[in-house]
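Please examine the structure below together with the following report.

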Amino acid sequence: MKKLAISQALAALASARVLECDHASRGFHLSVAVAPLELPAAAKILDQQGFFIEAITGVDWLGEQAAPGPTVADQAEHQPPLPSEDSFEVVYDFNHFAKLCRVALRTRMPRSRPEIPTISAIYPGANWHERETHDFFGIIFSDHPDLSPLLLPEDADFHPLCKDYKP
Amino acid sequence: MSDLAVDPSCETFVLNMGPQHPATHGALRIKLVLDGEYIVEAEPVLGYIHRMHEKMGENRSYLAFMPNTGRLDYLSALSYNHGYVSVVERAAGIAIPERAEYLRVITVELNRISSHLLWLGAFVLDLGGFTPLLYTMDDREQLLDLLESVTGSRLTYCYFRFGGLYNDVDDNFGPGARAFIKRMRRRLPMYHKLISKNVIFRQRLEGIAPVSAEMCRKYGATGPVARGSGIAYDVRKHEPYSVYPEFNFDIPVYEQGDSMARYLIRMDEIEQSLRIVEQGLDKLPPGPIMAVKVPKIIKPPKGDYYMAVEAARGSFGIRLVSDGSATPYRLKLRSPCLSNLSLFGEAARGLLLPDAVAFFGSLDLVIPDIDR
């Protein structure tokens, strides 16, 4: 069972909170929240177990401190403690070619210091996805080889998917 | 690979291929560092037709975003329609009548064939063969007429609705689709004779630009690119959705990983799609095409949802984050072409420039899908 193996391996990480999800209603099997610093370790585990990277994306939880957001309400006990200020979430979608097992790897960081480590050294495919996330949210992936805009104009200094973005 | 590519001389030069170049099939630039005719470095530069569909998703209702999904990969728009309605139906818990599911599968597969036909013509054109384009356009025209009679449009379809379809097929659709299947089954051997067995074509593709299964995994390449590298990954079988489990079809897989394998995969897929359409027409159940109780304003419960479908170019995914309101909180569109293109830089290193053009064509990229 791929799901069991990967959930045990990921649960061994100190900060990981593993939650099994109903695939039919949610579209993924495991939702794993880790602290930003343990991201590369989690990606390495997924890599060793033969997972491929499907996508990386951000979510801006501006205003969440005032009103709790969607994923927080129903899974409060499975989430690591939230930062005490509004945060960005980055979601990494992994899947397996041979055995169906979708893993959504999540991490949160405060909006004021949006910096997390890159996993592009482990998955070269993450390079562009991280660049795109940097374009759209301004999240900095430290040690990323090249964070210049991928889809936005080369001189873009705005991040359109931030909820406080004004054109 | 030439020795020069491994250890370039000091006489390298930079060449921009694109953004306006016929072989890039859209506004894409590839920054090439060349040593003579050998590629030392290839870096795709994206974003020339970036439209920020994801932001558009955040400021309109669920239904109003529907037409956008036909404008990502405009050659297989129905697959993208399908992915989007499916993720919203999954989130809102809407059940779909069986007839609607069958018609979705039939039209998506017809769309897949039309997409592969256009690719086939354009790909051979890239390699200098003009004639096949005229044949494939002729076949594709039959399909577009057929789909137009059902969906109302010829390219950027917006046919599905949450809970079903926009309208039912008329009496001419069944016979028309069967006539196309019959026609296409006669045409495929002709294509194989004309193209697959052509010695120039084969020498341009066989053994050129091999992509390993491991490279596909590291870059997240899916669809015909992964299947041409020996990975039997097809969302329709791997993570069945809609009524695909009811159908009998095979997933073509080739081990070689070269440009020829990617070409053959798509040719075989046309055959398999014909099988699916034929079975769908045989089994098409009567009944309604819309679910009865679909709310006028969709408000999925809070949470995040993921849905993947097999589009013509690979796994198209949507991650939907809902905050319980009538507009999506976040809509991530996972484009198969972006991931398939991301391995280009590594795989093209050391190739001859004309081989890289052939390799690029074999990836079958749609630039608006990459740039979104």
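## Elements of chain A

From the N terminus on, the elements of chain A run α-β-α-β-α-β-α-β-β-β-α-β. Chain A thus has five helices and seven strands, where helices (H or I, at least four residues) and strands (E, at least two) are DSSP runs, numbered from the N terminus.

This is a predicted model, in which local features need pLDDT of at least 70, side-chain atom pairs count only at pLDDT 80 or more, and totals for chains, interfaces and linings use all residues. Residues are numbered from 1 along each chain as its sequence is written, while chains are lettered from A and ligands numbered from 1 in the order in which they are written.

## A helix pair in chain B

Helix 5 (residues 98-126) and helix 6 (residues 131-151) of chain B pack at an angle of about 160°, with their axes 9 Å apart. Axes are lines fitted to C-alpha atoms, for helices over the stretch in contact, and angles run from 0 to 180 degrees between N-to-C directions. Helix 5 and helix 6 of chain B are therefore roughly antiparallel (an angle over 145 degrees).

## A sheet in chain B

Three strands of chain B form an open sheet in the order 8-9-10, with antiparallel pairing; two strands pair if DSSP finds at least two bridges between them. Strand 8 (303-311) and strand 10 (330-334) of chain B each have a single partner strand, so one side of each is left without a neighbour in the sheet.

Strand 9 (residues 314-322) and strand 10 of chain B pair over five bridges. B:Ile318 stands opposite B:Leu333 in strand 10 of chain B.

Key
Parallel < 35°, antiparallel > 145°, perpendicular 65-115°, else oblique.
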